[in-house]
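Please look over the sequence and the model shown here before reading on. The paragraphs after it are meant for a first visit.

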Amino acid sequence: MDNLTHSLVGLTAAKAGLEKLSPGATALCVLAANSPDVDIVVLLFQGRWGYLHHHRGITHSLLGATVLALALPMAFYFGDRIIAQVRKREPRVRLTGLLLVSILTTATHPLLDWSNNYGIRFLLPWNARWSYGDFTFVVDPFIWMVLGAVAFLITAKTSRQVIFWIVVALVPSFLILSRLTSSGRSLNAVLLPLLWIVVVIVSVTLYRLGFGERAGRKIAIAALLVVMVYGAGLFVAHAVALRQANAQAAAIANSHSERIINLAAMATAANPTGWVCVMKTDRATYRFELSLLGNRPASSAVVRYENLEGIEAKTVADAERDYRAQLFLGFARFPVMRVVGEDCVTQTLVQFADLRYTEPGNGRGTFSLDVPVDCPLPDQKDK
């Protein structure tokens, strides 16, 4: 999940009652809910490929999250004692309360990140295997609406706080409302911005009526329950989508006399009825879409990448010696490759992509990679 979602989860959890466990608990809730993403520091020293390798790694594992959940409250506790000595006052924070707050909110981060198709590695450093929930999208506007509206109602008590929430809402508002002007928009692309506008209007109206102050932590608890029920609904929808995907994948594989090795049905942005499916067989990798409403995509919508053989397979093997390719293949769940330039003179290009997100040659950040490879000598081409 994105950091806005994690921050809203932490803040809402604090307002649901965790803030009462100790002074400083609200700040700790927000920090702890985001703490596993401390791995972003890798980006400063190892660049995007090092970040791809380490992101959602040790800091998101059971061991790493536990260490973070214990380290943060200890830092708060000793920091408070130092400040108390300097200011000659009694320490204020309660270590037991901070530990409970930190453990609960830190645990939400790897759980939410596991729920989408990016996945995490729970068992690092002992086992680097990725685990995927696939039933949520990495960014979910519905969660923003529920938790954002409630957090605004409870915490916006001064003009500065209102301005802060307006600034926070600007980016997601732009992203969602821009769907109205996108070409080829679907019904979902129209309904989502309209729902966002309704939520904003209702939130402002309730704020002016003082609803947040009167309801207090009750609406925070209700918001967290709504998000959990929503997540459970997506989990059930994913099970249905996976069952339908199995049937459709079997038909595709049988038409090519292939055997299914791996299949995933993955949530799409703000559309619980639409799912993206990727399948690997013994001879190819496929990507297709399905709808729980029953309208199957045409066969022309199925994307197919055959496993490379012969000189192309050798060229790919040469490209895989590149350290970026090694890091990419360690991350990619459904890697596909394409060799560009059949009439090789000096160099040819091997395009890698993770079919979960993009196709070879589309150049979508760290989800694709182009590696130039020196052409084999004339006598090597015939081997």
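The text below goes from the overall build to the sheet, the charged pairs, the surface and some backbone details.

This is a predicted model, in which local features need pLDDT of at least 70 and side-chain atom pairs count only at pLDDT 80 or more, while totals for chains, interfaces and linings use all residues. Residues are numbered from 1 along each chain as its sequence is written, and side-chain values use heavy atoms, with hydrogens and water left out.

The C-alpha trace of the protein spans about 80 × 50 × 35 Å along its principal axes. Its secondary structure comes to 13 helices and seven strands. Helices here are DSSP runs of H or I with at least four residues, strands are DSSP runs of E with at least two, and both are numbered from the N terminus. Of the 383 residues, 43% count as buried. Buried means under 20% relative accessible area, exposed means over 50%, and partly exposed lies in between, with a 1.4 Å probe and protein chains only.

One pair of residues gives a sense of distance within the model. Threonine 348 is found in strand β6, which covers residues 347-354. With a relative accessible area of 8%, threonine 348 is buried. From threonine 348 to glutamate 213 the separation is 135 residues in sequence and 65 Å in space, taken C-alpha to C-alpha.

Next comes the sheet. Four strands form an open sheet in the order β1-β2-β3-β4, with antiparallel pairing. Its edge strands are β1 (260-268) and β4 (303-306), each of which pairs on one side only. From one strand to the next, the twist averages 15 degrees. For such angles, axes are lines fitted to C-alpha atoms (for helices, over the stretch in contact), and the angles run from 0 to 180 degrees between N-to-C directions. Two strands pair if DSSP finds at least two bridges between them. Strand β3, residues 284-291, is joined to β4 by four bridges, and the two run antiparallel. Which residue in β4 stands opposite tyrosine 286? The residue is arginine 304.

The structure holds eleven salt bridges, a salt bridge being a side-chain nitrogen of Lys or Arg within 4 Å of a carboxyl oxygen of Asp or Glu. One of them links arginine 356 and aspartate 354, with the closest N and O atoms 2.6 Å apart. Both arginine 356 and aspartate 354 are buried. Salt bridges that share partners also join Glu258, Arg283, Arg304 and Glu306 into one network. Another salt bridge is formed by aspartate 318 and arginine 321, whose closest N and O atoms are 2.7 Å apart. Aspartate 318 is partly exposed because its relative accessible area is 23%, whereas arginine 321, at 61%, is exposed. Arginine 324 and aspartate 322 also form a salt bridge, and here the closest N and O atoms are 3.1 Å apart. Arginine 324 has a relative accessible area of 22%, so arginine 324 is partly exposed.

The surface has a nonpolar part as well. Ile163, Ile166, Val167, Leu170, Val171, Phe174 and Leu175 make a nonpolar surface patch of about 720 Å². Patches are made of residues with over 30% relative accessible area and no salt bridge; like charges are joined within 9 Å, and nonpolar side chains (Val, Leu, Ile, Met, Phe, Trp, Tyr) within 5 Å. The accessible areas come from the Shrake-Rupley method with a 1.4 Å probe, and for residues only the protein chains shown count as cover. Phenylalanine 174 lies in helix α7, residues 159-177. Is phenylalanine 174 buried or exposed? At 60% relative accessibility, phenylalanine 174 counts as exposed.

Cysteines can be treated briefly. A disulfide is a pair of cysteine sulfur atoms within 2.5 Å, and by this rule the count comes to zero disulfides. Cysteine 29 counts as buried, at 0% relative accessibility. Cysteine 277 is buried too, with a relative accessible area of 0%.

Last come the backbone details. Most residues other than glycine have a negative phi, and most peptide bonds are trans. Leucine 124 and proline 125 are joined by a cis peptide bond, with omega about 5 degrees. Proline 125 has its place in the loop between α5 (95-114) and α6 (141-155). Aspartate 134 is found in the loop between α5 and α6, and its phi is near 70 degrees, a positive value. At 4% relative accessibility, aspartate 134 counts as buried. Arginine 56 has a positive phi, near 55 degrees, and is found in the loop between α3 (42-54) and α4 (62-87). Arginine 56 counts as buried because its relative accessibility is 3%.
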